Amino acid sequence: MALLEVKNLKTQFTTRDGVVRAVDGATFSLESGKTLAIVGESGSGKSVTALSIMRLIAGPQGKIAEGEITLAGVNILGMSDAQVRAMRGDRIAMIFQDPMTSLNPVFRVGHQIGESLRVHKGMNKRDADAKAIELLDLVGIPHAAERVRDYPHQFSGGMRQRAMIAMALACEPDILIADEPTTALDVTIQAQILELMMELQKRTGAAIIMITHDLGVVAEMADDVLVMYAGKQIEYAPADDLFYDPLHPYTWGLLDSLPRHDIVDKGTLCPIEGQPPSLIDVPSGCAFHPRCPYAQSRCTAESPQLRDLGDGHRVACHFAGEPDFLRRCMTPGGEGV
């Protein structure tokens, strides 16, 4: 049985201009020890999906309008507020995108790491402080016994991100959600953070949901990939299948937009033309059709359903899998990306 199952998740926000359908029908599952990457452009619904799982959608403007989220067979959406608070940080933990706004500036780093241990594990202050030092040392903070008394502003960006990982892992959660964990970090620190997460996953057996724009990170870490566009899930596949045999034109566009070491002429890249639509006024039919070079009349009138084309590869495109369907922007030599 899957550790986490999300079925037909729909999360909406009411604004003066209308209803924002931030997540519109996401369905996926996650097993222990596996990594699921959620990719897509800004505003595609990636972070809102994660916040929905954590039950962190702020009402009354925001609400989970439909769907089911189960953790080890227990419906998260049916939990009381007290049960949800007990779950967060213990069963499911999240590394937020900006550690400077996620860490409380008026409390020492060690106090913030130890808080979840005191709340969820019943540790006294002395044991929690000792564990905080151990965790900071585990995530590679030098002189952890001294730095545990520092405030967040005394840490560098990379160290704050490591502290966030230490906090998230304090109670050894079943699921770790990482929302752009390497944003704004230099390349060397990014590599260290990703390596750390993979090492800790092997050590604890945690499942990871990785939200990212970086397809290089996806290729390195993910077992499965969920591609989102305009709040909808448009492709879901094992990582190897997605990179070597993508089936949705939007996924082809993401992959063809990547610079490659063997392409020196910038003109050979195929960027996706146009901009993502407003989630208040999503185009009829397939939301991607205004930007899709292969769109046909059916695409403007009929919304494609997510279809399983075998081996766990699901795609929401009317023509995906048809042999005569134009496959992708081709690179020189016709090999694609």
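Four strands make up an open sheet ordered β2-β1-β4-β5, with antiparallel pairing; strands here are DSSP runs of E of at least two residues and helices runs of H or I of at least four, numbered from the N terminus, and two strands pair if DSSP finds at least two bridges between them. β2 (18–30) and β5 (74–75) are the edge strands, each pairing on one side only. The model is predicted, so that local features need pLDDT of at least 70 and side-chain atom pairs pLDDT 80 or more, whereas totals for chains, interfaces and linings use all residues. Residues are numbered from 1 along each chain as its sequence is written, and side-chain values use heavy atoms, without hydrogens and water.

Strand β1 (residues 4–15) pairs with β2 in the antiparallel sense over 10 bridges. Within this pairing, leucine 9 stands opposite alanine 26 in β2.

A salt bridge (a side-chain nitrogen of Lys or Arg within 4 Å of a carboxyl oxygen of Asp or Glu) joins the side chains of glutamate 66 and lysine 10, at 3.8 Å from N to O. Glutamate 66 lies in strand β4 and lysine 10 in strand β1, 56 residues apart, and the pair thus links distant parts of the chain. The count of salt bridges is 10.

The lining of the largest cavity comprises 11 nonpolar residues, two polar and no charged; Ala, Val, Leu, Ile, Met, Phe, Trp, Tyr, Cys and Pro count as nonpolar, Asp, Glu, Lys and Arg as charged, and the others, Gly among them, as polar. A cavity is a set of points on a 1 Å grid over the protein atoms alone where a 1.4 Å probe fits but cannot get out, and lining residues have an atom within 4 Å of a point.
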